Amino acid sequence: MKKSYKSIFIVLGLAVIFHACDGQGESLINERLENNPLPTAGSVGSADFSTFIAIGNSLSAGYMDGALYDDGQKYSYPALIANQINKTSEAPFAFAQPDINSVKGFNTTVQNPVGNTIFGRFKLDTSIPAPSPTLGGDLPTAYTGPQVHNFGVPGIQVGQLLTPATGGPNVPANPAYNLFYERFASNPGTSTIIGDAAATQPTFFALWIGNNDILGYAASGGSNDDIFTSESDFKFYFNSTIETLMDSTQADGIVTNIPFILGLPFFRAVPYNAIPLTDEANVNALNTAYEAYNNGLVFAFQNNLITEAEKDRRTINFALGANAYVMEDESLTDLSSLTLPSLRQSEPTDLTLISAASAFGAGVGTATPAGDALVLTPEEQQEIEQRRGEFNAAIKDVVDSNSGRLLLHDTNNSSGGFYDLFGISDGVPGITVQGMNLAPDFSPNGVFSTDGVHPNPRGHAIIANEMIGLINAKYGATIPFVNVAELPSVVVCGVGDCLSEQ
């Protein structure tokens, strides 16, 4: 093999000389390369990636750390897959993303802008330790680059793929409006995301949509039913999306379903006993404040309005050390006739939203109960999981009905990375990749970005590799995998770089 490579290099060198002398070098190169082709890193098998596109939400767009920014887009899983395909024997193809052209981006999870300050992506402030928005972000501007191939739009639900309203105009009566689509829409207010995607006449597509049809409701603590898509609506919108792609193009595709979103660090980073108390006087004051409430529970029990178990569960008591926080729980027995609110202290089975951390510092959870928007009770978690199961069943049905052209990337497969990452397989969260032990959080060895929801570059690489493995198996391809270890993880604040340092 070494001899073959050597002969190629000699031929290439001689070809330059021959071309200079008599113009025959190009034909000589072509002739020798046919007999001694240059080495490649695999092939695409029977798949056709000459026009590869991606469709979806923030997960496809490369949104991470609370913002859409240059490096995040560069490491989106579709971009990583495209890079790996371009290493194969197939002729290189273009994969253009609607570049945001901003190093820090525009943070959509905080109030922005504030005065003359525009907040950009989160970074990890290790002195807190917590994520903090960077200073010097940029307002998104219209995309003016080449034809888009990544139709990932942060924040959208499946129905927004199909409506022109997603592209504007931005008026109060238009809840579908999304500035990230408007900036690259072919005809804002008239075109649709799925229409623009189909118009590229793709030969292969990656579709990952539906997470936000559940995630928004979960991120509201189960308090906003308006953004919790119904099973019937989801089926209609998702079926319409697939029908458009099947009827308007000849493309094959890989479709990803909805993973276990309640395993995200957004719902796991803050423990249920997140209230540290070190002052005995403070403990006594809090217990005194809830004494009347506790006595009311005793009265309710004595009059058979609640069971003893519910009385004990609802009794509030603080002590020195780590304490569960006081929270509202609408599933408790209504005792408003006794002027008693539905309160209890948090339990290990509750999921505390990451947004609660700052609220706790302002007295929420002790003197002021944590509202419904800051915590997911077991009942709300069950509701979310049931809806996720319904959506995934709908996705599977559509893929099965088009199995000749579609491939399902099942994020709930027992042999998949998500299953292992969230500890569903063995009860121990984390995954080992290329000898690295990676965690389902936004620590330096984590696979999530600092917003607690979206993958970091390593997380995107793991997702890309799962898809590549499925594509290789179905199409007899040998597309190389992404080297996860080479990609960055969390980025920490620099000097004066983050709001927390001001």
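Biologist: Which residues do ring pairs link into a cluster?
Modeller: This is a predicted model, in which local features need pLDDT of at least 70 and side-chain atom pairs count only at pLDDT 80 or more, while totals for chains, interfaces and linings use all residues. Residues are numbered from 1 along each chain as its sequence is written, and side-chain values use heavy atoms, with hydrogens and water left out. Rings of Phe, Tyr and Trp (its six-membered ring) pair if their centres lie within 6.5 Å, and planes under 30 degrees apart count as stacked, over 60 as edge-to-face and the rest as tilted. The cluster joined by such pairs consists of Phe-49, Phe-52, Phe-93, Phe-95, Phe-204 and Tyr-475.

Biologist: How many aromatic pairs does the count come to, and how many residues apart are Phe-52 and Phe-93?
Modeller: The count of aromatic pairs comes to 19. Phe-52 and Phe-93 form an edge-to-face pair, with 6.4 Å centre to centre and 90° between the planes. Helices (H or I, at least four residues) and strands (E, at least two) are DSSP runs, numbered from the N terminus. Phe-52 belongs to strand E1 (residues 52-56) and Phe-93 to the loop between helix H5 (77-85) and strand E3 (106-107), so that this pair links distant parts of the chain, its members being apart by 41 residues.

Biologist: Are Phe-52 and Phe-93 buried or exposed?
Modeller: Buried means under 20% relative accessible area and exposed over 50%, with partly exposed in between (1.4 Å probe, protein chains only). Phe-52 has 1% relative accessibility and therefore counts as buried. Phe-93, at 10% relative accessibility, likewise counts as buried.

Biologist: How many residues apart in sequence are the parts that Phe-204 and Tyr-475 tie together?
Modeller: Phe-204 and Tyr-475 form an edge-to-face aromatic pair, 5.8 Å centre to centre and with 75° between the planes. Both Phe-204 and Tyr-475 are buried. Because Phe-204 lies in strand E7 (residues 204-208) and Tyr-475 in helix H16 (residues 457-475), the pair ties together parts whose separation in sequence is 271 residues.

Biologist: Which elements do the buried residues of H5 pack against?
Modeller: H5 is mostly covered, since 8 of its 9 residues are buried. Among them are Tyr-77, Leu-80 and Ile-85. The buried residues of H5 pack against E1, helix H3 (58-61), helix H4 (70-74), strand E6 (150-152), E7 and H16.

Biologist: Which residues is Asp-125 in contact with, leaving aside its neighbours within four places in sequence?
Modeller: Asp-125 is found in strand E4 (residues 119-125), and it is buried yet has no salt bridge, the nearest side chain of opposite charge, Lys-123, being 12 Å away. Here Lys and Arg count as positive and Asp and Glu as negative, while His and the chain ends are not counted, and a salt bridge is a side-chain nitrogen of Lys or Arg within 4 Å of a carboxyl oxygen of Asp or Glu. With contact taken as heavy atoms within 4.5 Å, and with neighbours within four places in sequence left aside, Asp-125 is in contact with Ala-130, Cys-493, Ser-500 and Glu-501.

Biologist: What is the angle about the S-S bond in the link of Cys-493 and Cys-498?
Modeller: A search of the whole structure finds 1 disulfide, the term meaning a pair of cysteine sulfur atoms within 2.5 Å. Cys-493 and Cys-498 form a disulfide with their sulfur atoms 2.1 Å apart, and both of these cysteines are buried. Their link is left-handed, and the angle about the S-S bond is -100°.

Biologist: Which helix holds both Glu-385 and Arg-388?
Modeller: Glu-385 and Arg-388 form a salt bridge whose closest N and O atoms are 2.8 Å apart. Glu-385 is partly exposed, with a relative accessible area of 26%, whereas Arg-388 is buried at 8%. The two residues lie 3 residues apart, about one turn of the helix, in helix H14 (residues 378-401).
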